[in-house]
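These are my notebook entries on one structure. I record what I looked up, entry by entry.

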Amino acid sequence: MTQDEYANLLYVVTDRVAWITINRPDKLNALNRATIDEIARAAGRAASDPDVGIVVVTGAGEKSFVAGADIAEMSTLDALGAQRFSHRLNEGFGLLEASPKPVIAAINGFALGGGCELALACHVRIAADRAVFGQPEVGLGLIPGAGGTQRLQRLIGRGRALDLILTGEVINAAEAMRIGLIERLVPAAELRAAVTAYASKLLAKGPLALSRALDAVYAGGEMALPEALRLEASLFGLCFATDDMREGTRAFLEKRKPRFVGR
Ligand code: COA
């Protein structure tokens, strides 16, 4: 197990899983600038650490994943400062989304505003049954500024995204599951075990294949279909240049479990 010092988050690696825990529970883990910078630093660190295969983002305490951007800090910004704040959020969240290793959001409670957007920037969302979701920004006289107007509609469709963004309504985890905002829903007491089991499942796969799959889905998803299919073919072909692909297919034929080495 390794741990490093951050003021606003915990970074712990256990069994090849880097757990990034936003740690301002007295402010329901609201994101101030310092926390956003630490998320970016932790995301970069996990991406480059060969001992990390999977990244998990979660919130400290029982109550909240992240209750949004820090409203107290945000309230002091002028227009240019707010634009810079939004860029900063996009850079930090962008590093998570661009991670070559799968990033799982373990949503343990409030995922509001920037918290919902943080979950959207992760590759997979696993939520506790007590979690609640929403983009309440219009109630503050502003709009989502950390990717919410873009990633939400790409995940759940424009109509449902607008429904959430325009009403600012908060929905429970069951409703989030129904509309495709999360992928898994588990009892709160089982969240950590469920995320650990999910991570173990991915750790048993070829890491280069996981990375290529993320690339194909994310980069291809922004392209026209013919171009995207060409990208998929190239990335598919690239897999055949790896020892892992040889090992994976050989292990199947020899009726044994593969031993992937990430080459
Ligand atoms: N920014 C800054 N501080 C926040 C915050 C945020 N987004 N969300 C919660 N906090 C702080 C509260 O100000 C309070 O601090 P204090 O004890 O110093 O007064 C502390 O966290 C606890 O929050 P509180 O409101 O007392 O908890 P609650 O259980 O009554 O309500 C929420 C929980 C999530 C419903 C409520 O905190 C809330 O509406 N938060 C803002 C959500 C939001 O609009 N997010 C989008 C921001 S763009």
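Entry 1: I began with the accessibility of N108, which counts as buried because its relative accessibility is 4%, and buried means under 20%. The model I am reading is a predicted one. I then located N108 in the loop that joins β6 (103-107) to β7 (110-112). Its side chain comes to 3.1 Å from the backbone oxygen of G61. I also listed the contacts of N108, setting aside neighbours within four places in sequence: among them are T58, G59, A60, G61, E62, K63, S64 and F65. Further along the chain, N108 is in contact with A128, R130 and L191.

Entry 2: the surroundings of the ligand. I asked which residues are the closest to the ligand. They are K27, K63, A67, A69 and I71, out of 16 residues that surround the ligand. A polar side-chain atom of K27 is 2.5 Å from an oxygen atom of the ligand. For K63, an N or O atom of the side chain lies 2.7 Å from a ligand oxygen atom. I71 takes part through its backbone, where an N or O atom is 2.9 Å from a nitrogen atom of the ligand. I noted that the ligand taken alone exposes 860 Å², of which the protein buries 58%. As for elements, α2 (71-74) and β7 each give at least two residues to the shell around the ligand.

Entry 3: two residues with positive phi. I kept in mind that most residues other than glycine have a negative phi. D15 is not a glycine, yet its phi is positive, at about 50°. N29 is likewise not a glycine and has a positive phi of about 65°. Are these residues buried or exposed? D15 is exposed, since its relative accessible area is 67% and the cut-off for exposed is over 50%. N29 is buried, with a relative accessible area of 0%. I found D15 in the loop between β2 (9-14) and β3 (17-22). N29 belongs to the loop between β3 and α1 (33-48).

Entry 4: an arginine in the loop between β3 and α1. I placed R24 in this loop. R24 counts as buried because its relative accessibility is 13%. Its side chain and that of D70 are joined by a polar contact of 3.0 Å. Not counting residues up to four places away in sequence, R24 touches N8, N29, A30, L31, N32, T35 and D70.

Entry 5: rings. How many aromatic pairs does a search of the whole structure find? It finds two. I examined Y6 and Y11: their ring centres are 6.1 Å apart and their planes meet at 35°, so the pair is tilted. Both Y6 and Y11 are buried. I also looked at W19, where the charged end of R192 sits over the ring at 3.9 Å from its centre.

Entry 6: an exposed glutamate. I located E5 in the loop between β1 (2-4) and β2. E5 counts as exposed because its relative accessibility is 65%. Last, I looked up the separation of E5 and G262, which are 257 residues apart along the chain. Their C-alpha atoms are separated by 29 Å.

Methods: Residues are numbered from 1 along each chain as its sequence is written. This is a predicted model: local features need pLDDT of at least 70, side-chain atom pairs count only at pLDDT 80 or more; totals for chains, interfaces and linings use all residues. Side-chain values use heavy atoms; hydrogens and water are left out. Helices (H or I, at least four residues) and strands (E, at least two) are DSSP runs, numbered from the N terminus. Buried means under 20% relative accessible area, exposed over 50%, partly exposed in between (1.4 Å probe, protein chains only). A polar contact is a pair of N or O atoms within 3.5 Å; within protein, one must be able to donate a hydrogen and the other to accept it, and residues adjacent in sequence count only if both atoms are side-chain atoms. Contact means heavy atoms within 4.5 Å. Rings of Phe, Tyr and Trp (its six-membered ring) pair if their centres lie within 6.5 Å; planes under 30 degrees apart count as stacked, over 60 as edge-to-face and the rest as tilted. A charge sits over a ring if NZ of Lys or CZ of Arg is within 6 Å of the ring centre and within 35 degrees of the ring normal. A residue is near a molecule or strand if one of its heavy atoms lies within 4 Å of it. Accessible areas come from the Shrake-Rupley method with a 1.4 Å probe; for residues, only the protein chains shown count as cover.
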